[in-house]
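Below is a colleague's note for someone opening this model for the first time. Please read the points with the structure in view.

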Amino acid sequence: MRPEFASPSSSSSSSADRRLNALVRHLATASMVSQTAVAFSPTSGFHGDSVFSHVVRAPEDPILGVTVAYNKDPSPVKLNLGVGAYRTEEGKPLVLNVVRKAEQMLLNDKSRVKEYLPIVGIAEFNKLSAKLIFGADSPAIRENRVTTVQCLSGTGSLRVGAEFLARHYHQKTIYIPQPTWGNHPKVFTLAGLSVKTYRYYDPTTRGMNFQGLLEDLGSAPSGSIVLLHACAHNPTGVDPTLQQWEQIRQLMRSKALLPFFDSAYQGFASGNLDEDAQSIRMFVADGGECFVAQSYAKNMGLYGERVGALSVVCRAANVASKVESQLKLVIRPMFSNPPIHGASIVVTILKDSNMFNEWTIELKAMADRIISMRKQLFDALRARGTPGDWSHIIKQIGMFTFTGLNSKQVEFMTREYHIYMTSDGRISMAGLSSKTVPHLADAIHAAVTRMS
Amino acid sequence: MAIRRAMSGRIMDRTAVVGARYMSSWWRSVQPAPKDPILGVTEAFLADQSPDKVNVGVGAYRDDNGKPVVLECVREAERRIAGNLNMEYLPMGGSVKMVEETLKLAYGENSELIKEKRIAAVQALSGTGACRLFADFQKRFCPDSQIYIPVPTWANHHNIWRDAQVPQKTYHYYHPESKGLDFAAMIDDIKNAPNGSFFLLHACAHNPTGVDPSEEQWREISHHIKAKGHFAFFDMAYQGFASGDPEKDAKAIRIFLEDGHHIGIAQSYAKNMGLYGQRVGCLSVLCEDEKQAVAVKSQLQQLARPMYSNPPVHGAVIVSTILSDPDLKKQWLKEVKVMADRIIGMRTALRGNLEKLGSPLSWQHITNQIGMFCYSGLTPEQVDRLTNEFHIYMTRNGRISMAGVTTGNVKYLANAIHEVTK
């Protein structure tokens, strides 16, 4: 008799769930023991019971599951606006020309080997990544107060940083914006931090709930960690203005709140790398400390190569070096050392000024195409006289638009128009083209007028 | 530019500066961490300026010129790949094709278990990542379990299960007096462990000792583990490197499968395909049936998602390109044998040189031991002398990476070892 029950995972926090989980663990042990007593005398033979038979199937990832559903749909007009991966006007994935060039250069360099990288990754990669996000003239870099370690894209950088904080920081709570990328809470929870939220998005205005943000951060215990999206907030596309960033900075520094930046879209928001790093640089300029997780998945199109970096800005150089040594202790039992291929491509591009320029041009082209899709969708809805204010489509920033459509409307659009998006109403603008905008506009129009 | 100047003007605002000045570092109390005992060796080696320096520290293969090797089959695979693939995200479980081919290596080309879809498997970050995913999975779904780890073992094994918060115990393995296997004590430990314990086993080419159980001994180990209902988890980082034949090197695993165990396996392509820095590996868990395998795989993915979302694509595509092309696969098998044979040759040479020097000690274990490493029996003090006086780098447990030995340095190495042990 093997009871089916939910995995004793740590994601639910209610006390009832905790008691249930404790009970469940006792049941698991008891049933294992009784099976052991019956089955495992040397003469009874092996009955082939697995110790993992109680494991139940996990639900599909809500974001990646959208693509799974899309792939199953036979409709010729289907549209995938789920995962945030850039697509061309032809709806194809894009490998940047400058990336192909770098790849070829690496391939042709016969002296290259595939040896283990150091635990912290490629030193040049780390230096160049820090320069990219903090600025070449950053005082923190000049003063050797930054430690940067290569990690597995944004996810990996967040996880390594969070594990370090769970071990070495006096506050184990991180505040994340409401809403945020679906994977954020899991990353921090598994790292050993407890997760709270701060108000961020206002559904009525489809903009920022700035008052709520200030109140929630203002009432957070001193020293708490605060997750900030450096630019192009995912999923809402709503970013603070520079003035609002300054207010956030002052509030956080006055309460000694520790900033943990997630920078997954540098260059994608405005089309300009330095502009998109302003929020981070503002914090670094005041001499204080912060964590930054950087990803090259989108802005260099390196998605599956898993290239990213975690930087910790400290107040003193010797502190930065101690922090780095402890980061190594987090990394070694997780994956030993990071993958070489993608980071080598990044180094090749960033250290060559011609290739760097080529990259900024291709990056701007991607950002511009997305901005043009925003305009086209907005115009299309206006032309149809779709009820409601759709100006947020052109106000929001980055790869995603938080449409404001509810889950019933989303379901309707999937069913009747074969539009695939996450149920929170988020669409990836990168998945649109001039050809498909009219179809999406029709679908939104229908959803809004026929379903509320 | 203008924005930045305006911002820095605002930064000079008194309140902002005062707030920042009174903040001390959060990390002042952070202690400098000790250097990694294995990877720290290479760091020290690289810093050494001596022309005689020898690195027999980390287990990365070197050719007879002491140079790292990129296999020809790997170069060919990369030529085919370059420019042809996009870099889209892999699924959370990694490359399906790569995983399929990898399971065949471990479970057998025509394994019924694979056909019956009973194996939950995901691409992992080389052997380390596979062990860590399993340890996290073990913690989550068997939270009261503990892991038994051999003495000695790869140092990072302890770190992995510790960070996964799984309590560890040890079992006897290496017998220092004979420089062989402490078989009786190992069996005792298996018998005395509480029923249903988890045991970490090195499938072949034990790291760091090079001491492997014989086939008969594996059968007995399997029998006693079965009798106690223990879970057998294999770390297979050297398939192909032990004997030169991957099928032979999987013998222990095949014995356990025949005996009906539901095992777990961590596989790595770091050494046997020379893909070290690409971080390519696989974690598999044999389940009762397809339904359970689907459930277990989904849960493994739930652990991978908050760690790195999905694994790196490049190395995985190299592996699947090679293993799914019969000619490339043949070439790979040839190249693995060349590497294994060179190491076996170096074992013979090192032992021969030491005996020729008239060393009073027995060096039989050098040729008895298997795989990349030789557990020399040198003490930490002797190792320090080797480093300080002879610029020879190895881990302080006396483990010599035979892959770092060449016809060019074997005499020098033998001399130095003789000097510190005579």
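**Notes on the predicted model**

1. Between chain B and chain A, 26 residue pairs are in polar contact, both residues being at pLDDT 80 or more. A polar contact is a pair of N or O atoms within 3.5 Å; within protein, one must be able to donate a hydrogen and the other to accept it, and residues adjacent in sequence count only if both atoms are side-chain atoms. On the side of chain B that touches chain A, helix H13 (residues 290-308) of chain B gives the most, with 12 residues. The residues of that side divide into 49 nonpolar, 25 polar and 24 charged. Here Ala, Val, Leu, Ile, Met, Phe, Trp, Tyr, Cys and Pro count as nonpolar, Asp, Glu, Lys and Arg as charged, and the others, Gly among them, as polar.

2. A word on the basis of these values. This is a predicted model, in which local features need pLDDT of at least 70 and side-chain atom pairs count only at pLDDT 80 or more, while totals for chains, interfaces and linings use all residues. Residues are numbered from 1 along each chain as its sequence is written, chains are lettered from A and ligands numbered from 1 in the order in which they are written, and side-chain values use heavy atoms, with hydrogens and water left out.

3. The contact between the chains takes 98 residues from chain B and 102 residues from chain A, where contact means heavy atoms within 4.5 Å. About 8,900 Å² is buried between chain B and chain A, and carbon and sulfur atoms give 60% of that area. Buried area is the accessible area (1.4 Å probe) that two parts lose on being put together, summed over both.

4. How many salt bridges does the rule find across the interface of chain B and chain A? There are six, a salt bridge being a side-chain nitrogen of Lys or Arg within 4 Å of a carboxyl oxygen of Asp or Glu. One salt bridge joins B:Glu88 and A:Arg87, with the closest N and O atoms 2.7 Å apart. A network of salt bridges links A:Arg159, A:Glu163, A:Arg167, B:Arg132, B:Asp136, B:Arg162 and B:Asp163.

5. Over all chains, a search of the whole structure finds 42 salt bridges. In one of them, A:Glu215 pairs with A:Arg199, the closest N and O atoms being 3.0 Å apart. Because A:Glu215 lies in helix H8 (residues 210-218) and A:Arg199 in strand S4 (residues 194-199) of chain A, this pair ties together parts that are 16 residues apart in sequence. Helices (H or I, at least four residues) and strands (E, at least two) are DSSP runs, numbered from the N terminus. A:Glu215 is partly exposed at 43% relative accessibility, and A:Arg199 is partly exposed at 35%. Buried means under 20% relative accessible area, exposed over 50%, and partly exposed in between (1.4 Å probe, protein chains only).

6. A salt bridge also joins the side chains of A:Arg281 and A:Asp274 (3.0 Å, N to O). A:Arg281 counts as buried at 10% relative accessibility, whereas A:Asp274 is partly exposed at 38%. In chain B, B:Asp341 forms a salt bridge with B:Lys337, the closest N and O atoms being 2.8 Å apart. These two residues are four apart in helix H15 (residues 326-356) of chain B, so about one helical turn separates them.

7. B:Gln267 is in strand S9 (residues 264-268) of chain B. Is B:Gln267 buried or exposed? At 4% relative accessibility, B:Gln267 counts as buried. A polar atom of the B:Gln267 side chain lies 3.1 Å from the backbone oxygen of B:Thr102. Not counting residues up to four places away in sequence, B:Gln267 touches residues including B:Leu105, B:Ser126, B:Met236 and B:Cys282.

8. Some backbone details deserve a look. A cis peptide bond, with omega about 0 degrees, joins A:Gln178 and A:Pro179; A:Pro179 is in the loop between strand S3 (173-178) and helix H7 (184-191) of chain A. Another cis peptide bond joins B:Val151 and B:Pro152. A:Ala256 has a positive phi of about 55 degrees although it is not a glycine, and A:Ala256 is buried, with a relative accessible area of 14%.
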